[in-house]
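Thanks for coming, everyone. Today I would like to talk through the salt bridges of one structure, and I will take them pair by pair.

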Amino acid sequence: VQTCALPIWGPCNSDASMLPTAFFLSFAIAVVSATQADVAGTCNSSASGTADGGLTAARFSTPNLIAISGSSSPVIYISESDRHTIRKISGTTVSTIAGNGTEGSADGTGTKATLTNPRGLVVHGNALYIACKNVIRQMDLTTNAVSTLAGTDGVDGFVDGTGAAASFTNPVGLALSTDGTELFVVDAGEVVRKIVLGSKVVSTLAGVGDQAGYVDNANGTLVRFKSPVDAVHAPSGKVMYVSDRDNHVIRQIDTATGAVETIAGNGTVSGTTDANGAAARFYMPCGLALSYDGGTLYVADQANNRVRAIDLKSNSAGVQTFAVSTVATTGLDAPAGLALQDDGKLLIVDKNNNCIRSVITSSVKPAPATTSSTTAPSATTPPPTPMSTPLTSNGIECSRSGPAMTVMTMILAIFGTQS
């Protein structure tokens with residue numbers, strides 16, 4: 001089966017070439033052929049803008065990082081650093097929910113609030129946390145009220161403290177602990193910080209401010225980063241993954257101790273090599289997304305214009321090989337943020353093309369297990385007679401699974417209703 005690339009939100013280009021290993025989807029108006037996808041609008045550097053509206057009518061301006069809220073009907077949040085705004089995709093509508101294009105740190109509701117270079121986003125309940133220059137902001141998604149959680153606008157630094165007494169230099173990526181009580185902040189000023197949400201206490205987990213380098217160590221204060229960008233927390237335990245952009249590696253942090261080790265790349269050479277662990281190569285890795293089971297880490301390999309995947313699962317010998325593979329390459333120009341939906345669609349912020357794309361992965365979150373109650377046979381009702389021949393896969397096919405079936409099911413679900 002041959003497939004081709006299609007954008008999902010925003011205008012997209014019409015010269016997408018073949019991608020045999022992945023399937024892109026579109027909620028735009030599209031005609032699918034074996035060799036090319038034709039869509040309404042043009043996805044390239046000249047298609048930037050500020051328009052809200054329908055999926056194909058909306059325009060983005062160098063969108064950056066992304067977050068998802070909800071499962072069955074996900075809501076998407078996207079930061080636009082250069083425009084100082086937060087955009088929202090709900091259903092088939094794109095809107096601006098915070099910021100108005102003017103730099104600032106004024107608290108307020110929706111577009112009355114001002115933001116400065118918003119980047120990393122993470123959703124927890126009704127709160128959207130936003131990494132801005134020098135500060136971490138918090139938005140109430142019920143009222144759209146924006147307030148400041150920690151740091152002070154215009155004050156650079158790496159001071160640990162509570163709320164406004166703490167200082168940040170260039171916070172970029174955000175990640176939430178498994179229990180939702182701690183917010184981790186990746187500061188491109190070479191440190192990873194932690195905020196206890198209940199008390200607003202800020203502390204340094206790993207790295208030293210403005211001391212760039214490449215050092216793994218069990219002692220967080222001896223660790224060195226070089227322009228780290230994004231982070232994602234494992235679904236269980238005390239493990240977090242960080243994209244160390246200018247070292248061209250992916251690091252793993254013990255969030256209890258601050259110990260850091262490299263799981264992919266070697267910190268010296270950039271490239272595109274798919275291989276295990278230190279033999280793999282990246283070129284300025286950026287956004288991260290993790291599968292629901294914690295088994296696959298997706299990486300926006302920005303300067304290589306591709307999306308990669310790292311296998312975090314152990315092999316039969318109980319060893320993690322951290323095998324790296326390429327997931328998507330077609331038509332991407334500086335992919336930035338990544339976010340994974342429960343249905344397996346990996347959302348890609350195609351930064352320089354000013355649109356959002358999607359590629360289907362096998363990382364589909366299973367539906368919650370359902371329980372059925374059975375009634376024991378009464379004394380007067382004989383139990384059912386056992387079958388003389390057990391059911392086998394050669395008799396009745398009970399289920400059908402696998403990537404091909406997943407793709408076909410999603411194709412029918414999306415395109416089958418458009419006729």
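By a salt bridge I mean a side-chain nitrogen of Lys or Arg within 4 Å of a carboxyl oxygen of Asp or Glu. What you see is a predicted model, in which local features need pLDDT of at least 70 and side-chain atom pairs count only at pLDDT 80 or more, while totals for chains, interfaces and linings use all residues. Residues are numbered from 1 along each chain as its sequence is written, and side-chain values use heavy atoms, with hydrogens and water left out.

How many salt bridges does a search of the whole structure find? The search gives 15.

One of them joins the side chains of Arg-137 and Asp-107, at 3.1 Å from N to O. This pair links distant parts of the chain, 30 residues apart, with Arg-137 in strand S12 (residues 135-140) and Asp-107 in the loop between strand S8 (93-98) and strand S9 (108-109); strands here are DSSP runs of E, at least two residues, numbered from the N terminus. Arg-137 is buried, with a relative accessible area of 0%, whereas Asp-107 is partly exposed at 45%, where buried means under 20% relative accessible area, exposed over 50%, and partly exposed in between, for a 1.4 Å probe and protein chains only.

Next, Arg-308 forms a salt bridge with Asp-274, their closest N and O atoms being 2.7 Å apart. Arg-308 lies in strand S25 (residues 306-311) and Asp-274 in the loop between strand S22 (260-264) and strand S23 (285-290), so the pair ties together parts that are 34 residues apart in sequence. Arg-308 counts as buried at 0% relative accessibility, and Asp-274 is partly exposed at 37%.

Finally, Asp-350 and Arg-357 form a salt bridge, with 2.6 Å between the closest N and O atoms, and both residues are buried.

Note on methods:
Helices (H or I, at least four residues) and strands (E, at least two) are DSSP runs, numbered from the N terminus.
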